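Please look at the points below with the model open.

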Amino acid sequence: MTRHPQPVIPRLEAAFRSGLPVVTCEIAAGDGADPDDVIRRVRLVRDHVDAVNVPDNTAGVVHMAAWAASILMAREGVDPIMHVTCRDRNRMALQSDLLGAAALGVRNILCLTGDHMVHGDHPGAKPVFDLDSLQLLGLADVLRHGRYLSGREIKPAPDLFPGATENPFAPPYDFRPLRLQKKLEAGARFIQTQITFNVERFAAFMARVRDLGLDRRVPILAGVAPLRSARAARYMRERVPGMEVPDDIVRRMEQAGSERSRREEEGIRICVETIERLREVQGLAGFHVMPIHWEEAVSEIAARARLVPARAALASPIPAIVREDAADTLHNRPREHRA
């Protein structure tokens, strides 16, 4: 008996096509074999977002496989964005994994090179890095057009919606918009950025992105995150490559003191203020919230910052502005994304 892939509702892609602000967030993939842990985390965030990212051994630390957590999430009715890294798989394994994910209903994939294992809990593990993130995007594009990298035909081709990341805070800063352009040309259909604490640096990045016209070619989500302590702020600033945490942010967290409720309140307040300031930056399609093992904070951030997933509006009677954007999409005309 011939079986075909389950039909997939392209919720994230539909949200982007609507032209309405889109909200995504990331949850921990699970630090054990308990499916209920993943389900608990996703239930904390699912009402506030259009799709949820599932990391692939972030920072080189082993967790539950991203494909397994993605399937658990899909069973909860949430559209997963599965991270795929080049660190642990060669091009053959990557192709197999992408076909398998598509067959199980996971079509949103975030193409990453991957954090090196020397930073994680298995520093002696052998790295692969057969491809990098740009080449992985190209691989996904080849697959979705019905070919393996070998040129052999795929029947049916996987229905993938590949995305990529960009970091406006990693020098050389002038290179970052150009790298985003390369990822777009390689096949990225959406972009999520590194966590934003320095809004001025992010605005300068987006100004160059607009000059290149990239914001009209691909939806870009600004990364934001709540801090839980001054210690976390200092760790990000000093130990996480490409992370920029200004002194005034660290000082505010230090002034919040050691009491948990006060420092967490200050962390959420800073996150909400950052979102409000980013709303003034033209060319954004929405926000990507990274709570870093603090999924309980997502609902509070969404409420205070008035973040509403696009799918909530799409489920309501369609407003006129959406119909106009739908016409643009129908005619394949470029349009500005709004956050």
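1. Basis. This is a predicted model, in which local features need pLDDT of at least 70, side-chain atom pairs count only at pLDDT 80 or more, and totals for chains, interfaces and linings use all residues. Residues are numbered from 1 along each chain as its sequence is written, and side-chain values use heavy atoms, with hydrogens and water left out. Helices (H or I, at least four residues) and strands (E, at least two) are DSSP runs numbered from the N terminus.

2. Asp-50. Asp-50 sits in the loop between α2 (35-45) and β2 (51-54).

3. The side chain of Asp-50 does reach backbone: the nitrogen of Ala-310 is at 3.0 Å, and a polar atom of the Asp-50 side chain lies 2.8 Å from the backbone nitrogen of Arg-311. A polar contact is a pair of N or O atoms within 3.5 Å; within protein, one must be able to donate a hydrogen and the other to accept it, and residues adjacent in sequence count only if both atoms are side-chain atoms. Leaving aside neighbours within four places in sequence, the residues in contact with Asp-50 (heavy atoms within 4.5 Å) include Pro-21, Asp-79 and Pro-309.

4. Asp-79. This residue is in the loop between α3 and β3 (80-85). Asp-79 is buried, at 3% relative accessible area, and its side chain makes a polar contact of 3.0 Å with that of Asn-108. The C-alpha atoms of Asp-79 and Ala-51 are 4.8 Å apart, although 28 residues separate them along the chain.

5. Strand β4. Asn-108 belongs to a covered strand: on β4 (residues 108-112), Asn-108, Leu-110 and Leu-112 are buried on one side, and Ile-109 and Cys-111 on the other. β4 pairs with β3 in the parallel sense over five bridges, where pairing needs at least two DSSP bridges between the strands. Cys-111 is the bridge partner of Val-84.

6. Core and α3. The largest nonpolar core has 70 residues, of which Val-52, Leu-278 and Leu-307 touch the most other members. Helix α3 (residues 66-75) gives the most to this core, with six residues. A nonpolar core is a set of buried Ala, Val, Leu, Ile, Met, Phe, Trp, Tyr and Cys residues joined through side-chain atoms within 4.5 Å. Why is α3 largely enclosed by the rest of the structure? Seven of its ten residues are buried, and the buried residues of α3 pack against α2, β2 and β3.

7. Backbone exceptions. Most residues other than glycine have a negative phi, and most peptide bonds are trans. Ala-59 has a positive phi of about 60 degrees and is partly exposed at 32%. Arg-306 has a phi near 55 degrees and is exposed at 53%. Cis peptide bonds join Lys-155 to Pro-156, with omega about -5 degrees, and Pro-171 to Pro-172, with omega near 0 degrees.

8. Charge pairs. The count comes to 32 salt bridges. One of them joins Glu-200 and Arg-277 (2.5 Å, N to O). Glu-200 lies in α7 (residues 199-211) and Arg-277 in α10 (residues 260-278), so the pair ties together parts 77 residues apart in sequence. Another joins Arg-87 and Asp-88 at 2.9 Å; Arg-87 is buried, at 2%, whereas Asp-88 is partly exposed, at 34%.

Note on methods: Buried means under 20% relative accessible area, exposed over 50%, partly exposed in between (1.4 Å probe, protein chains only). A salt bridge is a side-chain nitrogen of Lys or Arg within 4 Å of a carboxyl oxygen of Asp or Glu.
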